Amino acid sequence: MDARRRDASPGVSWPARGQEPPRVRARAAHRHGCDPVVPAAKSAVRIGGRDVTLSNQDKVLWPAEGYTKGDLVKYYRSVAEWLLPHLRDRPLTLQRYPDGIDGPSFFEKQKPCFTPEWIATVKADASYSNGASKKIEYLLCNDEATLVWCANLASIVLHIWYSRAQSLDSPDFAFFDLDPFDCTVKTLATVALELRDTLEELGLHPLIKTSGGSGLHVVVPLRPLYDYDTVKAFGEIIARQIAHVRPKETTLERSIARRNKGTVYLDYVQVGRGKTMVPTFGVRARAGAPVSTPLDWSDVQALARKRASDPEVEFARFTMKNTPARLKREGDLWAGKHWREAKLEPAIKKAKRLWNQ
DNA sequence: TGCAAGG
DNA sequence: CCTTGCAGTAATTTC
DNA sequence: GAAATT
Ligand SMILES: [Mn+2]
Ligand SMILES: [Mn+2]
């Protein structure tokens, strides 16, 4: 299927193949000294000893805000110090928007053929459950130069595995994906707190962030000792328990048509080998250029007391524009002592004792 | 989007 | 140096 | 084979 129409906004027809918007080539040469400096179509930067060629830095990717590809590159560069630790050694999927957020996008897992040789990669089996054994050579974004190179490809959204190259089959966190289905922030936050209390009861210490969209991501750092099946099974046990305790506010129904409005979809299916999530400080291809941002649990408690409001609107306050300053001011809320790696066996044992038989 | 080909 | 045209880009799980 | 998800 052609992705060309899939991601374009409803009602907006995007030009067919070969009819994309003309590429502007502004020229920096042959201008008078007093003329305004027009950004060159191509430029080069040296980052950590690597030369990265940048192209079309003035191309607008967010039409409403006027944010350009140059702004995206500048953003990822400025948050590299805090973002890179989250990306390190994780197979990376790019979601590229060459014509901006209103145009079509495509995912890119296999390293492009023109990838510089200095970018780190890892080969991984494409499929795990079925027999097929196609190898994909994934990019690893381990330094600022690689991050900038990726951003220059109009990779607005980054997607990462839950495991790292050293232990590809063992996630180093359990992931709980909370997707609001037409529900309020109050409901979403209430469910998130129920999840937190449940995990704490099992001796685990979850962290929480916005997804950058309308949802929340809850994460329990783990020692990479368990395979994807185990971590997914654990996630399912928890999801079913939350759904049991909060039947009115949650759903486990994957089919949108069959979901009840006003609920939170507990998406435990989104855990597995080859599945991905948007990393902390990753940008989303949405209006306002929102950014996935760590929250304090006290923030979530405040949200649970708030009167009805739209999660997407609420979380839209964390953006590509204001995140660099926040990071320089406050750093990564998850950093340091917050990242305690847990073991899963005691939690599974306790969960069975509390809820089973 | 990058890039090869052609002018 | 510049313009034009072309190739190519995901995978998992559920229903 | 389509839908939903990232
Ligand atoms: Mn989600
Ligand atoms: Mn989801």
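Lys350 touches Glu201 and Leu202, leaving aside residues up to four places away in sequence. Contact here means heavy atoms within 4.5 Å. The side chain of Lys350 has a polar atom 3.1 Å from the backbone oxygen of Glu201. A polar contact is a pair of N or O atoms within 3.5 Å; within protein, one must be able to donate a hydrogen and the other to accept it, and residues adjacent in sequence count only if both atoms are side-chain atoms. Lys350 belongs to helix H10 (residues 345-355). Its relative accessible area is 29%, which makes Lys350 partly exposed. Buried means under 20% relative accessible area, exposed over 50%, and partly exposed in between (1.4 Å probe, protein chains only). From Lys350 to Phe175 the C-alpha distance is 19 Å, across 175 residues of sequence.

The model is predicted: local features need pLDDT of at least 70, side-chain atom pairs count only at pLDDT 80 or more, and totals for chains, interfaces and linings use all residues. Residues are numbered from 1 along each chain as its sequence is written, chains are lettered from A and ligands numbered from 1 in the order in which they are written, and side-chain values use heavy atoms, with hydrogens and water left out.

**Chain A overall**

Chain A holds 10 helices and 15 strands. Helices (H or I, at least four residues) and strands (E, at least two) are DSSP runs, numbered from the N terminus. Of the 357 residues in chain A, 51% are buried. Among contacts in chain A with a separation of 6 or more, 72% join residues 24 or more positions apart.

**The manganese pair**

Two manganese ions, ligand 1 and ligand 2, lie 3.6 Å apart, and Asp177 bridges them. Donors are N, O and S atoms within 2.8 Å of the metal (3.2 Å for Na, K and Ca); water is not among the atoms, so sites may look incomplete. The table sets out the protein donors of each ion.

| Ion | Protein donors | Distance |
|---|---|---|
| Manganese ion (ligand 1) | Asp177 (OD), Asp179 (OD) | 2.2 Å |
| Manganese ion (ligand 2) | Asp177 (OD), Asp179 (OD), Asp267 (OD) | 2.0 to 2.1 Å |

Along the chain, the donors of the manganese ion (ligand 2) follow the spacing D-x1-D-x87-D. Asp179 sits in strand S10 (residues 173-181), and Asp267 in the loop between strand S14 (263-266) and strand S15 (294-295), so the pair ties together parts that are 88 residues apart in sequence. Asp177 is buried at 8% relative accessible area. Asp267 is also buried, at 10%. Asp179 is partly exposed, at 23%.

**The Arg164 loop**

Arg164 is in the loop between strand S9 (155-160) and S10. Its side chain reaches the backbone oxygen of Arg88 at 2.9 Å. A polar side-chain atom of Arg164 also lies 3.3 Å from the backbone oxygen of Pro85. Beyond neighbours within four places in sequence, Arg164 contacts Pro85, Arg88, Asp89, Arg90 and Asp172.

**DNA strand B**

Ten residues can be named around DNA strand B: Arg23, Ser55, Asn56, Lys59, Lys69, Arg96, Pro98, Phe114, Asn152 and Leu153. A residue is near a strand if one of its heavy atoms lies within 4 Å of it. Of the atoms of DNA strand B within 4 Å of the protein, sugar and phosphate account for 67%. The surface near DNA strand B divides into three nonpolar, three polar and four charged residues. In this scheme, Ala, Val, Leu, Ile, Met, Phe, Trp, Tyr, Cys and Pro count as nonpolar, Asp, Glu, Lys and Arg as charged, and the others, Gly among them, as polar.

Asn56 has a polar side-chain atom 3.4 Å from a phosphate oxygen of DNA strand B. For Lys59, the corresponding distance to a phosphate oxygen is 3.5 Å.

**Cysteines**

A disulfide is a pair of cysteine sulfur atoms within 2.5 Å. By this rule there are zero disulfides. The sulfur of Cys113 is 15 Å from the closest cysteine sulfur, in Cys150, too far for a bond. Cys141 is in no disulfide either; its nearest cysteine sulfur, that of Cys150, is 5.0 Å away. Cys113 is exposed, with 80% relative accessible area, whereas Cys141 is buried at 1%.
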